[in-house]
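Trainee: I'd like to learn how to read a model like this one. Can we go through it feature by feature?

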Amino acid sequence: MFNWISPFNYDFAIASIPIQIILLLFYGFRRNLPIRQSFFFWIAMSSNLIMTISDIISCEMNEVWMIFPLWVMYAINHAYFLGFIIRGWSLFMYTAESTHSYRESDHIIKVLTGLPAFISVILILSTPWTSAIYTIAEDGYHNCSLYKTIYFSTYFYIIASLFLVIRFWKQLSRRMKAGLLSFNLLLLFGIIIRKHFYHMLVTSYFSILTILIIFLTSENPDLYRDNRTSLLNKDALNRIGKELWERKIPFSLITISINNYEASKVVYGVNQINDELKIIAEWLIHNYRNNYLFYIRNGVFIVLIKGHLEKDPSMVINEWIEKYELLRKTCDDIVPIQASMMFLSESLISEHALLLSDLARYAINSSFEENRKGNYYFSDKMIGGVKKHKAIEKAIKLAMSEKRFEVYFQPIYSNADGKVTGAEALARLNDPEIGFISPLDFIQIAEKNGDIIEIGKQIFEKVCMFLENVDVKQLGIEFINVNLSPIQCMSINLPGDLEEIAKKHNVPMDMFDFEITESLIDDYDMIQVTIAGLRAMGAELSLDDFGTGAANLTSLINLPIHVVKVDMSFVRSYFAGKAGFLPDLISLFKHSRMEIVVEGIETLEMKDKMAELGCDYEQGYYFSKPIPPAEFVAYMEAQAEQV
C-alpha cells in the first residue's frame, strides 16, 4: 500500500493504466489499417497513457517540489498538459476522419479547428517564462490566469466532434453512430466530473472507457481481417479505398476470383476449398507483400497497388500469369486451383472513381470469360458494360417507383385440345431514355440486387387486374403461367402476399401455374415451404428452362413439379441434329407422369414433330411472340372465330 503525499485520489487513474498498456501493446503489434483514422486513434491512446502517468507523478512531485530541479518539475507537468491537449485534439481528428467531414481542399477549416490545440500547446511550452498556464514558485505549484484555456480547448473539441456526428449522422453506419456519439458524450461527462471533484483523478478513467468504445466499435484489427486467410476483408477495402480516393492518392487493382467457386465447394468440399483459399493467400503474401491484400468472400481476392505503377501494366499482367501458372502446377496434386484475374489501372480508376465499386464487381464477374479471350485488362468496352448496367439499375428503380413494368402474354398451345388454352405472363420494361430493355438484362440485375421481389408483385398484380377485367374463360384460357424467381420463393411471406393480391382482384389462385427457373434454385428446403403454401391455395408449379442449369435432375427429385418446360435450346439443337436424346428425355418425363411444354416452336414442322413425340403443350413464335394484353385478347378472339 502506497502512502501518497498529495490529497488526490488516484484509484481510477491507476486502475486504467494496465488496461491502457495492454490495449496499446495489442494494437501496436497487430496489423492495423493504414488509414488516418487509425493513426489518430494511436495518438489518442499514446497521449492518454502519457497524460495518466504524468498526472499521478506530477501531483505527487508538486507536493515536494523543492527536492527536484525546476526543469524536471516543468517537464513532468508539461507532459500532463500536452498529453491532455493532444488527446482531445486527436479524438476530434478521429471523429473528423470517421465522419469523412474533411476534404483535401479544406485547408482553412483544418487550420481553424487546429487553432485551439496549437494555442494551448504554445501557452504550455511558454509557461516556464510566461507563467501562462501554471507556475512553480517558492511556495510550490499554482494554476495561473490562462489555465482555463486547457478546459476550453477540450470542450471545444468535444462540442465540435458532436456537431460533426450530428451533421453527418445519415452517412454513418449504425456501429459508427453508436461509437462516436457515446464516446464523445462520455468524455464530456468525465471532464465535468473532473471539474466538480477536483481531487479525484477520473479523467483517465473516462478516457479509457472512451478508448475501449472506439476499439470495440471500429478499431479492433480483427474487424478487418478474414479469419480463413488472415488477409484484409471487404470492410478494410472500402475504408482504405475511400481514404486513398479522398486524399487523391493513385492506386491500381488486381481482382482474382476462383472459377466456379460455389460449384467447387460442392464437388471438392468446403474444407478443401478453404485449403485452396489459404494457399492463394500465402502465395499473394509472398509475391505481393508490398501491396494491400484483401479477401472479400466468395472466392474473390483483390490486390491494391498504392501509388503510381513503376512498370507497364502489361508487365504486371504477364508477371501475374507466370506466377499463377507456377502456382497452379505446383498445387495441382494437392488442391486444383483455377482462377481468373483482371487488372484495373490507376488512370481508369481515377477517371471513373465514382463507379469504382461497380467496375470491380464487373471485373470479378466477367474475368473468366475475358481471360478465355486472352484479355486481362479492363477495357473501354467493359466500362460501357458497367455504365449500361448502372443505367438499367436506375431504369429499374424508376419503373418500380412509377409502376411502369408491363405485362405481355405469349400463347401456350394444347396439343390435346388443338388450340391455345393458356398463356405465359412476361415482364417487359420500356424506359423513356434507354428504350426497350431486354428481360435478360433487367431480370438478371433485379435478381442480384433484390428488386425482383417488388417487380414480381407488381407484375402479378397487373396479371390479376387483366384477369379481373377480361373474361378469359370465354376466350378459352384455362390457366396463366407466372414466372417466379427463386429469390422471391426465399420469402416465407410470398404465398400470403400473392393470395392477398389475387383476392383483391377476385381472381382464384387455381388460375395460376407458377414457373421457377431451375438454374437458379439453391435452397430447396426454403423453396419447398413456399411452394407448399402456394399449392395449398390451389396454384401449381412448373419447372422452367429445363436443361439450362446444373441441377435439373435434382430439381425434379426435390420439388413437387407437375409440368416441365423444355428449354428452346434443346428444341433447336434437336432440329439441328445435335440433341438426338430429346425423344428419350420426353419419354422419361411422360413415364414420370409429368406434363411437358416445349419452348421455341417456330415452324409447322417443329410443331408437328413435338406433338408426335408426345409433348402436351407448345409455345413459341410459330403461334405468337409475347404481345400486350389488348393484342392478346384480339389474338384469342380471332382464334375463336377460326374454330
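Trainee: What percentage of the 643 residues in the chain is buried?

Mentor: Start with the ground rules. This is a predicted model, where local features need pLDDT of at least 70 and side-chain atom pairs count only at pLDDT 80 or more, while totals for chains, interfaces and linings use all residues. Residues are numbered from 1 along each chain as its sequence is written, and side-chain values use heavy atoms, with hydrogens and water left out. Now, buried means under 20% relative accessible area, exposed means over 50%, and partly exposed is in between (1.4 Å probe, protein chains only). Here, buried residues make up 51% of the 643.

Trainee: How many helices and strands are there?

Mentor: Helices (H or I, at least four residues) and strands (E, at least two) are DSSP runs, numbered from the N terminus. This chain has 25 helices and 15 strands. Its radius of gyration is 35 Å, well over the 26 Å of the globule rule for 643 residues, so the chain is more spread out than a compact globule. That radius is taken over C-alpha atoms, and the rule is 2.2 Å times the number of residues to the power 0.38. The C-alpha atoms fill a box of roughly 120 × 60 × 50 Å along the principal axes.

Trainee: Which domains does the assignment give?

Mentor: Domain bounds come from an automatic or database domain assignment. In this chain they are domain 1 (10-223), domain 2 (234-378) and domain 3 (404-641). The centres of domain 1 and domain 3, taken over C-alpha atoms, are 66 Å apart.

Trainee: And contacts: what share of them joins residues at least 24 apart?

Mentor: Contact means heavy atoms within 4.5 Å. Count the contacts between residues at least 6 apart in sequence, and 71% of them join residues at least 24 apart.

Trainee: Let's zoom in on a helix. Why is α7 called largely enclosed?

Mentor: An α-helix has 3.6 residues a turn, so residues three or four places apart point the same way. In α7 (residues 203-219), 12 of the 17 residues are buried, so the rest of the structure largely encloses it. Among the buried ones are F206, I208, I211 and F215.

Trainee: Is N77 buried or exposed?

Mentor: N77 sits in helix α3 (residues 70-99), and it counts as buried at 2% relative accessibility. Skipping neighbours within four places in sequence, N77 is in contact with S58, N62, Y134, I136 and Y141.

Trainee: What does S153 touch?

Mentor: S153 belongs to helix α5 (residues 148-167) and is buried too, at 2% relative accessibility. Leaving out residues up to four places away, S153 touches I85, P116, A117 and S120. S153 and G114 are 39 residues apart along the chain, with 9.9 Å between their C-alpha atoms.

Trainee: Where is F251, and how far is it from I208 in space?

Mentor: F251 is in strand β3 (residues 251-258) and is buried at 5% relative accessibility. From F251 to I208 it's 43 residues in sequence and 36 Å in space, C-alpha to C-alpha. Beyond four places in sequence, the residues F251 touches include W245, L304, I349 and L356.

Trainee: Last one: where does Y288 lie?

Mentor: Y288 lies in the loop between α10 (270-287) and β4 (292-295), yet it is buried, with a relative accessible area of 9%. Again not counting residues up to four places away, Y288 touches I254, W283, L293, V303 and W320. Its C-alpha atom is 9.4 Å from that of L304, 16 residues along the chain.
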